[in-house]
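Here are some notes to read alongside the model. Please check each point against the coordinates.

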Protein chains: 4
Amino acid sequence: MPGNSFGQLFRITTAGESHGPANVVIIDGMPAGIPLSVDDLQPDLDRRRPGQSKITTQRKEADTPEILSGVFEGKTTGTSIAILIRNEDQRSKDYGDIKEKYRPGHADYTFDAKYGFRDYRGGGRSSARETTVRVAAGAVAKKLLHTLHGVRIVGYVKQVGAIVADVPDPAAVTLEQVESNIIRCPDAKKADEMIALIEKVRSEMDSIGGTAEVVATGVPAGWGEPVFDKLKADLGKAMFTLPAVLGVEYGVGFGCATLRGSQNNDIFTAKQSHISTKSNRHGGMLGGISSGMPIVLRCAVKPTSSIPLEQPTVTSKGEPTTIATKGRHDPCLLPRFVPMAEAMMAIVLADHCLRQRATRG
Amino acid sequence: MPGNSFGQLFRITTAGESHGPANVVIIDGMPAGIPLSVDDLQPDLDRRRPGQSKITTQRKEADTPEILSGVFEGKTTGTSIAILIRNEDQRSKDYGDIKEKYRPGHADYTFDAKYGFRDYRGGGRSSARETTVRVAAGAVAKKLLHTLHGVRIVGYVKQVGAIVADVPDPAAVTLEQVESNIIRCPDAKKADEMIALIEKVRSEMDSIGGTAEVVATGVPAGWGEPVFDKLKADLGKAMFTLPAVLGVEYGVGFGCATLRGSQNNDIFTAKQSHISTKSNRHGGMLGGISSGMPIVLRCAVKPTSSIPLEQPTVTSKGEPTTIATKGRHDPCLLPRFVPMAEAMMAIVLADHCLRQRATRG
Amino acid sequence: MPGNSFGQLFRITTAGESHGPANVVIIDGMPAGIPLSVDDLQPDLDRRRPGQSKITTQRKEADTPEILSGVFEGKTTGTSIAILIRNEDQRSKDYGDIKEKYRPGHADYTFDAKYGFRDYRGGGRSSARETTVRVAAGAVAKKLLHTLHGVRIVGYVKQVGAIVADVPDPAAVTLEQVESNIIRCPDAKKADEMIALIEKVRSEMDSIGGTAEVVATGVPAGWGEPVFDKLKADLGKAMFTLPAVLGVEYGVGFGCATLRGSQNNDIFTAKQSHISTKSNRHGGMLGGISSGMPIVLRCAVKPTSSIPLEQPTVTSKGEPTTIATKGRHDPCLLPRFVPMAEAMMAIVLADHCLRQRATRG
Amino acid sequence: MPGNSFGQLFRITTAGESHGPANVVIIDGMPAGIPLSVDDLQPDLDRRRPGQSKITTQRKEADTPEILSGVFEGKTTGTSIAILIRNEDQRSKDYGDIKEKYRPGHADYTFDAKYGFRDYRGGGRSSARETTVRVAAGAVAKKLLHTLHGVRIVGYVKQVGAIVADVPDPAAVTLEQVESNIIRCPDAKKADEMIALIEKVRSEMDSIGGTAEVVATGVPAGWGEPVFDKLKADLGKAMFTLPAVLGVEYGVGFGCATLRGSQNNDIFTAKQSHISTKSNRHGGMLGGISSGMPIVLRCAVKPTSSIPLEQPTVTSKGEPTTIATKGRHDPCLLPRFVPMAEAMMAIVLADHCLRQRATRG
C-alpha cells in the first residue's frame, strides 16, 4: 500500500504539509472503552511544538488538536479516530528560494525526481511538520499501552556534538528528569553544556547533530512476530521514518562488533519463576521478540540541513548557485526529536500489543 | 498481517524451520518475461551455505533450490514463484539440551513466552536457517533490478572485532574482490587478520562480532515513499529482520552526531543537467528517497550466541543450570551474513522499483 | 490491518460518525500532476446528499468538502490527500431510543456484541453517513481514471420493488439520462412508477428494496490480479462494504445457473487485431481480469431498516419492547445508493489501474 | 500487495499452475498448540479431487499433501505452515491448441493482455487447479474455528440448471447428508435429477451452471470490522476469488428487492438474555458484523467454459478460427465447488476470529 500508513492492527494514516491548511491522522485499531480526550494529546504536542524554547525554531504554532471521531462520552468506541491539527504560522514567503534551488541535505531534489512536481512551501510533505499528528497518535498509543499493560516510554537526549550524557540506568530515567531542562537530557551538567553548544552553533549560523535514547519499561515478554515483523525490525523502521535519522541501534548496538559471545550474551536468571537477564546488552529483545527487559534504542540524528550559512548548490535546471536558508529552523533537532521518537515507539508497541492478543487470545 | 511476509509489490512469504523437512518462499509481484532459472539462484545460495570454509559451521547442506511455479519456458510468467529448499543434514540429537534450557542470547525463552510452545530443534523458526530462501528470493530480486535498471548490489565485511577494513570507495568494490577470500572482505590484508582472529576465537570456544557494509549502485533518484515507507525505513527494517543485527546506519551514520550542518550537508552539483552530490555522507537517500548516489549502509552483527564455552542459565522452570552449545555453529556470523544482507537490500529495492513504476507509470 | 482502509495502491482510509463533528478521508496513492479541486468533488456529493428530493431523507447537510492536503496550485502532488466534511444537522435528540433498544435490521446489537460500547447517536459509525467521504474519494478516483484512460462510470437504479427498468444497453446509459429524474433510472416510464411506489410506501410508514446497476466503460483489458485480487473479487468486496447490500452479481449473474456452456460463453471476435466479445454475459471480466468489454455489475439493496411502523424488539438487557424509528430516513435507499456504488467502483478501478502500471511499467 | 495472498491475521499465500510441478500454500497466523496433521487435510482434498465420480473430470490426482513447516510433535507452533501438493497427471499435450487460440469464457485472452506472456498449459495459474491448496488451507482454518469456537461449515449444491433443491433449514444440513450423493445435494430426490441432467449435458458435449449454498453455524456475534472489512465484504470477496463465480448473495439476497422493510427486518428476541432473531433473512450479519445467527450465503457458478462442442473464436493474432476443448473437464463445476467455497468461508472466518481477539483481548 502507499507510504502514508504505518502499523498493522494499531495503524496510523497521515496527511498534511508544512504550509498547507492542516495535518490530520486517522488512527485505526484502538480498542473500545479506553478514556481519551485532547488533554491526553496536548502534553506531548507541547513537547514537540516549535517555539518552545530559545534553542528551537521560532515558528509559532499552538498545535491544538481536534478529535473528529472515534470517541464518545469520553471513551474510545473502537472505530477509527481522526485528529486534526491546523497550521497557523505559515509565512510561505520565507520559502520562495526553494522553488528553484535544491537545498543541500534536503528532499527538494529527490521529491522532484520522484513526482516531477512538488509543494515547495517549507518542504511540503517532506517537512518534519508532518510529525505533529504522529505525536498525537503516539499519545493515543501510550494511553493504550499504559492502560492495558502499564508500559511507560521515556526518551531523552544522549549526545549533542561530542558531549555525551552519563545515564547509568536508562530504565530509571523519568519524564520529570527529562523535562527539567530545555534540551531534554537527564544529566543536568551535560545538559547545560549541550545548551551552550547549541547556542554557539546557532550564533555561527550553523547546526549540530546528536543522538537520542528511548526506553520502554513494562513490556511483557513475547511481543514481536517472526520473522519479518520482529519487534526490532518494526521499531527500527519506525525510527528511520523520522526525518534526519541516519542510524538506529539497540542495547550494546554497534559496540557488539568488538565483543566476544562470552562477553555479549546476557545471562538468564530467575526469581520465583520470573525469568529475566542479569544485564541488558540485548536491549530488551531476543530473536526480535521482547524479553521482558527494558527496550533500549538509540537514534543518530543529523545536524539540521537548513542553515543560514551560505552554501553552494544547483537550481532545478542544474545551474550552479548558492543558498542560505532564511526560514525559521532548529539549530539542533534533538530536543524536539525526543517526543517524536517516543511516539513512534509507542505506535509500534501498541501494534504488537494487539498482535500478541490476536495470537494468544 | 502476520510476520512471515515482507514487501508490498515485490513480496516474499517464507516458511520453514532449522530441522523441519524444508524451507520455502513464495515470491509475489515479479514482472513477467524476465529470464529465470535455478542457475540464477545457486551462486548466492552457495555464498550463504554452511560448510563453505574453515571459518563457518560444518553443517552440510547442498541448498539446491527447486522452482515450483511462476516460470515457464525459462521466463517468469508474472504469477507467484515458489522456491523449495529441503533440509538434509539435520542431526536433531545435537539439540536435546535446548528443550529444557534457555540458551543465553537466543530466542528460546522469548519464543516460549510468545507461543507457549516451540519447535526446539536447532532453534526452529528462530534459526538463521530460515534465511536460505530469503537468499534465493534475493537472487530473483537482483535479476529484476539488474534487468530493468542495471542496479548492482555488493556487500562485504567491514569489521571483525577491532579489525576494520580500509575501503576507500564503497561503490567501487566488486563481487570478485569480495569473493577473493573466505571472510568476504575487500581489504586483503585486513581479511587475513580477520580470518586469523576468527580461528583464534574458535579455538577458545568463543565467537566474535563485526560489521558488514552493503552498497547498491545504479539506483535511480526517486525511489522510496513518503512518509512511512521511506527507502531508509524499509531498508532499515529489512536489515533488522536478519538474526543478530543490533544496529543499522547509512552514510556517515552515527558519526553525524558530532558534525555540523555545514560539514555534513552534501553539496549538489550537475553535469549536463544530471544532478548528483559531490560527497555521499547521506548514503544515497535524502528525505528517505533515493538521490541517485550509491546507497551505503552498515549493519552491526553480534557475536554468535551459541558458544561451546559453558555458561550459566536457567531451565524453562527457572532452575539454575549451565549450558555449553555443542551444535555446529559459526564462530563469526559475518562471512555468511553478507549474502543475506545483499538479499534483503535487493528485495527492498525491487519492491520500491515496482512502487515507483505504479506512481509514475 | 484494521477495517477502515480500502485499496492497495490507491487507498482510502476513513473516519467519522453520523452525529460526530465530521467525516474525513485520507486518499493515498493518487499520482502527481492531476488537476483537482473541490469542484471535482461537489457534484457527486450533491447526488449523495440527504434532502435532495421528496423521496429521500430530509436531514439537511451541505456536505461541503475541504481539501486539507495533497493539492498544490490546483494539482495533486502525489502525497496523501485529506478531505474533511463537517456534519451540520445532527439532532441527536431524535435517537434517544436507540440507546437502550436494538432496532431490527440495524447494527445496534452487533456493534454492542463487538465492542461492548458504542456511539448510539444515529447509528454512529454504522450509519451510511460514513459514505459521504467515500463519495468524495470516488470523485478523485474518477478523475484519475478519466485522465489516464478515459474510463467512465455510470450507475442507475434498475429495480424498485417489482418494477424493473428496461435498459437495452447498459454501456450506453449516460449520466444525463440518470440525473433526469429523482430516482436515477434511465427508463423514464419505469422511473415514474418507481417514484410513485416509493411515495406510497412512505405514506404507509414503510420502506422498499431494489437493485442498482453500475457500468464502467473504457477499462482496458488486463486489470485485476490473480488469484485473490481478481477484479471481480475486489469489486464484489467494494459493493458489500456498502450498507444494506445483500447481493452482487456480474453480467448474466445468477442467471448463469440455468445456462449451458454453449449458451453462456461469449464468443471472441476481432476487428483490426482489436479483440473483443460479441456479447457480454461475462460482465467485462474473464478469470477475474478485465476483458476490455464494459464492466457491468448489479447490487441488491435491502429496504431501509429504519421504518416509522412500530415493530417488536428487545432492549440491550433482553427485555421485550417495541420501537418505531422516528429519525429522518429514506423510504428507499436506491437513489442515493447510486453515487456510493459508482464511488466504490471507481476506487477499485483506480487501484487496479495503478497495480497494472506497477506490473507492466 | 500482490494478488496471491488473502487474509489479514489468518493469511494464506499460494503458488502453482495447472501443469507445473506443484502447488504450495503458506498459512500464516495459525495459533500455536492446535493439533494438526495431514489427516486433517485429506478429507476435504478428496472432496475437491478430480476423478472422484462419474460426473467430474477424469484427471487423476492423488492430491496428497506434505506439511513442510509449522507443525511439531503433532501440534501447530504458531509459525508459518507450508503445505505442498505435487501435480501428477499433467498430460500437457492435451492443451496444445490453447497456445494460439483463445478459449471462449476462459482467461487466455485476459492473461495475455495482462502479462504479455503466459503459461498456456491447462490455463496455467488461471486454472482451478490452484484451489487445491486453498482447500488444504481451509481445512486448517476449519480446525482453528472448531477448536476455538465449535464453528461448523457445511456447503451443498442448491441448484443445477432449473432444478432447485428443497432445503427447509440450511443450518440443519449435515456433512453426512451432503456426502451421501455425488452431486453433494442434501435433497436426495433433486440430487438424482441433478445427476441425470449433468449426464445428459455431458453426453451433449456441453456443460451446465448452478448455485451452491454455504452455511456456518456457531459463529459468535461480533465478528467483522467496520467499515471496509465487514464480514459480508470479506466473505463476498472470498467467494468471488473462486473461478466461475458470477454472483454472491446472503440470506434473502436479491429477493430483498421486492420486500418492504416491515417484511424484511428480522425481529430480535431473547432467551435468558441470549439475543437472537426469529428469522434469518439477514443471513447472519447485520451492519456486516456477525449476529450469532447462522451465516448463509449462495454463489452462482457459471457452466464450465471448456466444452467439447466446437465454438468459433480467434487466435492471439485476431484471426477467426474454431476450438473444441478436448482436455478433461467437469460438465458441471458444482460438486467440486462445494469444498472450495467451504474452504474460503473458513479462511475468512478464521481471520475474523483472530481479528476479534485482537480487538477484545
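**Notes on the predicted model**

1. C:Ser273 sits in the loop between strand S12 (268-271) and strand S13 (274-277) of chain C. Helices (H or I, at least four residues) and strands (E, at least two) are DSSP runs, numbered from the N terminus. The phi of C:Ser273 is near 65°, a positive value in a residue other than glycine. C:Ser273 is exposed, with 10 other C-beta atoms within 10 Å. On burial: 20 or more other C-beta atoms within 10 Å of a residue's own make it buried, 12 or fewer make it exposed, and anything in between is partly exposed, with C-beta atoms placed from the backbone.

2. Provenance. This is a predicted model: local features need pLDDT of at least 70, side-chain atom pairs count only at pLDDT 80 or more, and totals for chains, interfaces and linings use all residues. Residues are numbered from 1 along each chain as its sequence is written, while chains are lettered from A and ligands numbered from 1 in the order in which they are written.

3. A:Asp63 also deserves a look. Its phi is positive, about 50°, although A:Asp63 is not a glycine. The residue lies in the loop between helix H1 (38-48) and strand S4 (65-67) of chain A. A:Asp63 is buried, with 23 other C-beta atoms within 10 Å.

4. Cis peptides. In chain B, the bond from B:Pro226 to B:Val227 is cis, with omega near -5°. B:Val227 belongs to the loop between S10 and H6 of chain B. In chain C, a cis peptide bond joins C:Pro226 and C:Val227, with omega about -5°. C:Val227 is in the loop between strand S10 (210-217) and helix H6 (231-240) of chain C.

5. Helix H5 (residues 188-203) of chain B has 16 residues. Buried residues in H5(B) include B:Met194, B:Ile195, B:Leu197 and B:Ile198. Seen down the axis, the buried residues of H5(B) fall within an arc of 165°, so they line one face of the helix. That arc is taken over the directions from the helix axis to the C-beta atoms. The face turned away from the buried side carries exposed B:Lys189 and B:Ser203. Just after H5(B), B:Met205 takes a positive phi of about 60°.

6. The A/B interface. In chain B, 90 residues are in contact with 90 residues of chain A; contact requires C-beta atoms, placed from the backbone, within 7 Å. Helix H6 (residues 231-240) of chain B gives the largest share of chain B's side, six residues. By class, that side has 38 nonpolar, 37 polar and 15 charged residues. Ala, Val, Leu, Ile, Met, Phe, Trp, Tyr, Cys and Pro count as nonpolar, Asp, Glu, Lys and Arg as charged, and the others, Gly among them, as polar.

7. Which strands of chains A and B pair in the antiparallel sense over three bridges? They are strand S11 (residues 245-250) of chain A and strand S11 (residues 245-250) of chain B. Pairing needs at least two DSSP bridges between two strands. A:Gly247 stands opposite B:Glu249 in S11(B).

8. An open sheet of ten strands runs S9(A)-S8(A)-S10(A)-S16(A)-S11(A)-S11(B)-S16(B)-S10(B)-S8(B)-S9(B), with antiparallel pairing. S9 of chain A and S9 of chain B stand at the edges, each with a single partner strand, so one side of each is left without a neighbour in the sheet.

Methods. The expected span of a helix is 1.5 Å times one less than its number of residues. Two residues are in contact if their C-beta atoms, placed from the backbone, lie within 7 Å.
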